[in-house]
Each structure stands twice: as structure tokens, then as C-alpha cells.
Amino acid sequence: MGRLYVLFESASGYALFKVKESEVIAEKDDAFQKSVVDFGRFSQIVELVGFAPFRSREDALDNILSVSEGKMHEHLRTFLEMNLGQVKSKKKAKFSLGVAEEKLAASITEQLNIPCQRGETVREVLRGIRNHFAKLTPGMKSDDVVKAQLGLGHTFSRATVKFNVNRVDNMIIQSIALLDQLDKDVNTFAMRVREWYSWHFPELVKLVNDNIMFARVAQFVKNKKNLSEDDLDGLEDIVGDAGVASKVLDAARASMGTDISEFDMINVCTFAKRVIELHEYRKQLYDYLLSKMHAVAPNLSALIGEMVGARLISHAGSLTSLAKYPASTLQILGAEKALFRALKTRGNTPKYGLIYHSTFIGQASAKNKGRISRYLANKCSSAARIDAFSDTPTKEYGEALRQQCQDRLEFYQSGTAPRKNVDVMSEVFDRLNKNKKSKKNSEDSEDEEESSPVKKRRVSEDEAEPVKKSKKKSKKKSKSSSNMSVSVDDENEDDSKASSSSSSSKKKKKSSSSKSSSSSSSSSSKKSSKKKRKRDD
């Protein structure tokens with residue numbers, strides 16, 4: 001393979017080492033094993049080629065996260081290109097790069113065409129580099145390496161713990177655990193209230209069966225001697241029945257219970273109030289759990305119910321862990337004791353675990369309970385995977401899977417063949433795509449409508465500017481035209497004066513010419529008359 005380089009990802013930065021004696025390492029002799037511990041010997045085997053420190057704590061975290069995910073960071077890419085260069089795809093490299101992470105090695109080979117290897121040689125060299133990294137790197141102290149490792153470890157832990165606030169399955173795990181605990185505690189406390197108050201009013205136990213209603217009645221009645229007909233309306237509001245309220249009043253009048261002092265009654269009523277408050281908080285917690293299940297696992301909630309789905313997530317540890325379980329494991333989830341007991345005694349294994357509380361198994365007949373539980377576990381596994389790995393949470397798949405389970409029950413009873421899973425899922429997928437496209441079109445239209453008044457304003461402003469300019473130009477033109485008209489008028493007046501003067505002069509010339517013509521004609525007429533007279537003579 002040629003020369004061997006080794007990439008070491010430290011908390012301070014990337015380091016590239018050249019291995020001088022790779023053959024000795026490959027033989028795994030005792031000398032190399034001793035050199036790993038001795039720095040003097042190990043420094044003769046390994047030589048530092050380059051070191052690229054991280055710029056900041058955020059940069060170090062970003063690079064280490066990329067390494068853990070098997071991706072090559074841009075910082076690492078530039079570092080390898082500067083020291084090793086990018087190998088052409090057709091040309092074989094004369095060296096190889098040793099990398100500890102398999103996915104990172106594949107990423108480097110894919111992007112830079114550098115051949116990477118992982119083996120005993122690379123692991124042994126990295127072990128020695130890890131022991132003597134501070135001494136091999138100039139300007140590095142052992143205390144600096146320890147501090148960098150500690151700081152990066154804390155930062156990396158915080159980054160891996162971060163999650164999406166809107167999709168937190170840990171809150172579901174805590175809520176369902178608290179809900180189960182509250183059910184036990186409220187039941188225990190309510191029984192304590194019944195027992196405690198029964199010393200004073202024993203007949204009330206038979207009249208009011210509900211525990212919370214009993215605590216409310218005890219808090220309302222307090223001392224039975226003070227109960228009168230004026231309190232019937234309040235009793236009727238609590239009990240919900242006028243007949244029961246009247247029976248409670250009659251029983252209080254003829255009760256055989258002992259009397260209780262005011263101080264003892266205060267303690268009984270305080271405890272009853274606490275039980276009622278716990279019950280009210282249990283209702284709020286249940287609503288909170290429903291909302292979280294609809295946000296985190298909508299398909300699983302639509303398929304099997306919120307409570308059963310929350311118990312499955314809690315038992316698996318997280319929604320991602322539940323999605324990784326096969327359907328056979330999910331089917332018996334919660335029945336581990338029965339499973340191992342059956343394996344130990346070689347008996348029949350359980351058919352269902354927590355999914356037994358689903359309505360589908362209750363609707364099935366005795367012989368079909370195992371079949372429907374296996375089918376339901378398959379659908380629950382699909383729903384959990386959709387919820388865990390989908391970007392846009394939706395309950396469309398869960399409702400389709402629930403309808404498939406209902407069709408399967410009808411198939412077991414009547415024999416009508418249900419639809420194929422491929423057809424059902426493809427139909428839901430097409431419907432979701434249509435909804436996405438329609439939403440995008442509606443959003444685009446809304447954006448256009450929102451941007452259109454702005455455009456109109458801009459257009460109107462742009463139109464108003466040339467109008468103003470045209471008005472200004474028209475005003476200037478009118479002023480210039482008025483000036484021109486004034487000058488033209490003056491010129492016209494001058495022309496008219498000149499024309500009038502020229503016409504008068506022409507008239508004078510004409511008159512003079514006419515006079516001259518008339519005088520000439522008269523003279524010619526006189527001459528002609530004289531000639532005629534001479535001829536006559």
C-alpha cells in the first residue's frame with residue numbers, strides 16, 4: 001500500500017502522523033508493545049506531519065459531532081487536502097490513511113478518494129498516540145489536553161441531551177408514571193377518608209359509593225347535626241340526584257355514629273379537600289398526557305389509544321427504542337415474567353402484553369385473540385416508526401392502520417377480505433401530498449395577496465412621480481408658451497404695424513401712380529385732339 005498516515009481526532013484539534021515502521025507494527029512483536037509505553041521508542045516510529053487546532057469551543061463541538069455521525073467536516077477536509085492532497089479517481093494513491101471511525105473513513109474515501117484502512121496496525125498506533133499526544137505535539141502540555149477533553153466532554157454531553165421541545169417522549173414517560181401513581185394514591189386516600197368519616201356518619205358509605213363524591217359530601221356536610229333541609233340543594237348538586245340527597249338528610253337525622261369535636265372535624269375536612277384536589281390534578285394531568293401523545297405519537301395514539309401508547313413508550317424507554325423493536329417483541333412487551341416463566345417451564349408463551357388493554361383484543365373472540373394481537377403489534381410497530389422518524393407529525397396513517405385492524409376483525413368474523421396494506425398506505429401518502437400541495441398553493445396565494453398592496457403602492461408611487469414630473473414639465477411649458485405667446489404677440493403687433501405701414505405706403509404709391517397715369521392719359525388725350533384739328537384744317 002505504501003506510506004501509512006494516521007488521523008487522530010483529539011479534543012484540541014486534528015493531528016496527522018506518519019508511521020515510519022509499519023512492518024514492525026504489523027508483526028506485533030514485543031518491542032513495539034514496549035515502545036507504546038516508552039515515548040523515546042514510540043517517537044522513532046511515528047512522526048507528526050500536521051496539526052490543525054480548533055478555533056473555539058463551538059468549533060470543536062461541531063467537528064466532534066460530525067465525527068460521531070460519520071461525516072467529514074469542512075475543517076477536516078481542508079486539513080487533509082493541505083497535507084495529503086486530493087487523489088484523482090483514476091490514479092491509485094501511493095499512501096493510505098488510518099482512521100478509527102468506520103463511517104468517517106468511508107466518507108473520506110468517498111469525497112477525497114483517499115484509501116482508508118482500519119485494522120490492528122491502526123489501532124495500536126492510535127493507542128500509542130493517545131498515550132503520548134502531548135509530547136508528540138510541540139507546544140502542547142498534558143494539562144491542556146486534560147482540560148480540553150473535560151470541557152469538550154461536558155459540551156458534547158449537553159449537545160447530545162438537547163431535544164426538540166415540542167416532541168419530548170420523556171415527558172410522556174414521567175406523566176404516565178405519575179398518573180398511575182396518582183390513581184393508587186387517590187384510591188388509598190379516598191378509602192382513608194371513608195374510614196375516618198364513617199366513625200361520625202357510617203350510613204353515608206352505603207348511600208354514596210363513589211370515593212370522590214363521598215369526600216365532597218363529607219366536606220360539605222361536616223357535622224351531621226348541622227345538616228338541614230336548606231342544604232338539600234347543595235347536596236343535590238354534589239350527588240346529582242334529589243332522592244339520594246333526601247336519603248342522606250334522613251340518614252343524618254337518625255345516624256348511629258359517634259360525635260366528633262370541631263378540631264377533629266377540621267382535620268377530616270382538610271384531608272378530604274386534599275383528596276379532591278388530587279383528583280382534580282389527576283384530570284389535568286390526563287389532559288396534559290393526551291395533548292403530549294397527540295404531539296409526539298399521533299399515529300400510535302390514533303391506532304391503540306393514548307394510555308396504552310404511553311405505557312408502551314414508557315416500558316420501552318423512549319419512542320425511538322419502541323420504533324426499533326420488532327413486532328414480536330412489541331406484542332409481548334409488559335409480559336416478560338410470563339415469557340421467562342414459560343421458557344423455564346417449557347409451557348405456552350404469552351400471546352400479548354400491554355396491548356391486551358386495547359379495544360381490538362377485547363372485541364375478538366377467544367380463538368382469535370392471539371391472531372389479532374399479532375396483527376395489532378405489527379401495526380403498532382409501523383405507527384411507532386412513522387411517529388419516530390417522520391418530520392411532519394400527522395395522524396392520517398394511524399387512522400388508516402386502525403381501520404385495517406377493524407377490517408381484520410371483520411375478516412375473522414365474516415370472512416370478507418380486507419384491503420392490502422400497500423394500497424392503503426399509498427392512498428394515505430397521495431392524500432397527504434395533495435394536502436401539502438394545496439397548502440403551498442394557498443400560502444403562495446396569501447403571500448401574493450399580502451405583497452400585492454405593497455406592489456400597488458410602489459406602482460402608484462412610481463406612477464405618481466412621472467405625473468408630478470409631467471405636471472412640472474407642463475407648468476414649465478405653459479410658462480414658456482406664455483412667454484412665447486407674449487413674444488409672438490409682440491412680433492405680431494410689430495408685423496401688423498409694419499404691414500399697415502407697408503400697405504399705406506403701397507396705397508400712396510398706387511394713388512401717386514394713378515394720379516400719374518391719369519395725368520399722362522389726359523395729356524395724351526390733349527395731343528390726340530390737337531392732331532385731329534390739324535388734319536381737319
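Is cysteine 380 buried or exposed, and what is its relative accessibility? At 0% relative accessibility, cysteine 380 counts as buried (buried is under 20% relative accessible area, exposed over 50%, partly exposed in between, with a 1.4 Å probe and protein chains only).

A few ground rules before the points. This is a predicted model, where local features need pLDDT of at least 70 and side-chain atom pairs count only at pLDDT 80 or more, while totals for chains, interfaces and linings use all residues. Residues are numbered from 1 along each chain as its sequence is written, and side-chain values use heavy atoms, with hydrogens and water left out.

1. Cysteines. The search of the whole structure comes back with zero disulfides (the cut-off is a pair of cysteine sulfur atoms within 2.5 Å). For cysteine 380, the closest cysteine sulfur belongs to cysteine 405 and lies 7.0 Å away, so it is too far for a bond. Cysteine 405 is buried too, with a relative accessible area of 0%.

2. Strand 1 covers residues 3-9 (strands are DSSP runs of E, at least two residues, and helices are runs of H or I, at least four, both numbered from the N terminus). Six of its seven residues are buried, so strand 1 is largely enclosed by the rest of the structure. With strand 4 it pairs in the parallel sense over four bridges, and with strand 2 (residues 13-19) in the antiparallel sense over six bridges (pairing takes at least two DSSP bridges between the strands). Strands 1 and 2 make a hairpin with three residues between them.

3. Tyr5 and Phe95. The structure holds ten aromatic pairs (ring centres within 6.5 Å, using the six-membered ring for Trp alongside Phe and Tyr; planes under 30 degrees apart are stacked, over 60 edge-to-face, the rest tilted). One of them joins tyrosine 5 and phenylalanine 95, edge-to-face at 5.8 Å centre to centre with 90° between the planes. This pair links distant parts of the chain, since tyrosine 5 is in strand 1 and phenylalanine 95 in strand 4 (residues 95-98), 90 residues apart. Tyrosine 5 is buried at 9% relative accessible area, and phenylalanine 95 is buried at 8%.

4. Phe8 and Phe133. What kind of pair do phenylalanine 8 and phenylalanine 133 form? Their ring centres are 5.1 Å apart and their planes meet at 50°, so the pair is tilted. Phenylalanine 8 lies in strand 1 and phenylalanine 133 in helix 8 (residues 133-136), so the contact ties together parts 125 residues apart in sequence. Both rings belong to buried residues, and Phe8, Phe51 and Phe133 form one aromatic cluster.

5. A charge over a ring. The charged end of arginine 194 sits over the ring of phenylalanine 214, 4.9 Å from its centre (the test wants NZ of Lys or CZ of Arg within 6 Å of the ring centre and within 35 degrees of the ring normal).

6. Helix 4. Just after helix 4, glycine 70 takes a positive phi of about 80°.
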